[in-house]
Amino acid sequence: MSYSDTFRDHLAHPRNAGELADANATAEESNPVCGDRLRLSLRIRNKRIEAARFLAYGCPPTLACGSALSEIIQGMPLEDAMKLSRKEIVDAVGGLTARKQHAAALAIQVLRAAVANTE
C-alpha cells in the first residue's frame, strides 16, 4: 500500500510541530517494540484544548499521526478529545497498513497521558 496524498502532506508540512512554551499538560510515550516516541504538549483552559504541539521520533507514520492528532484536537473540548479513537487518527492521515497502525495507537496513548498530566 502506498501512502495517501494526505499522509504525504503531513510528512512534508507537519502541523503544530515543536514545543509549546506555555503548555500545562505534557506527555511523552514510546512504543517498546519499534522504539518510536511521540511527545505532546497542550495548553488546556476551561476544559478545552486551546493549543497543541508535538515532537515525533521514529517512522514516518508516527510523524504523520502526531501532526494529524495536533490538528484534530486543537480547539476541541477535553471530553470530545478523550473519545478520539485510533481509527479516527488513521482516517485523518488517509489510511495506514495494519503494520503501521501502531503509530495511531501511540498518538491516542500520548493524548490520554498528557490530559492525565494536566497541571
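**Exercise 1.** Determine the strand order and pairing of the sheet.

Step 1. The sheet is open and has 3 strands in the order 1-2-3, paired antiparallel. Strands (E, at least two residues) and helices (H or I, at least four) are DSSP runs numbered from the N terminus, and two strands pair if DSSP finds at least two bridges between them.

Step 2. Strand 1 (25–30) and strand 3 (48–57) are the edges; each has a single partner strand, so one side of each lacks a neighbour in the sheet.

Step 3. On average, neighbouring strands are turned by 15° against each other, direction ignored.

Step 4. Strand 1 and strand 2 (residues 37–45) run antiparallel and are joined by 6 bridges; A25 has L42 in strand 2 as its bridge partner.

The model is predicted: local features need pLDDT of at least 70, side-chain atom pairs count only at pLDDT 80 or more, and totals for chains, interfaces and linings use all residues. Residues are numbered from 1 along each chain as its sequence is written, and side-chain values use heavy atoms, with hydrogens and water left out.

**Exercise 2.** Find which strands helix 5 touches.

Step 1. Helix 5 (residues 102–116) packs on the sheet and touches strand 1, strand 2 and strand 3; contact means heavy atoms within 4.5 Å.

Step 2. The direction of helix 5 makes about 145° with that of strand 1. Axes are lines fitted to C-alpha atoms, for helices over the stretch in contact, with angles from 0 to 180 degrees between N-to-C directions.

**Exercise 3.** Is H10 buried or exposed?

Step 1. H10 lies in helix 1 (residues 5–12).

Step 2. Its relative accessibility is 2%, so H10 counts as buried (under 20% relative accessible area; exposed is over 50%, partly exposed in between; 1.4 Å probe, protein chains only).
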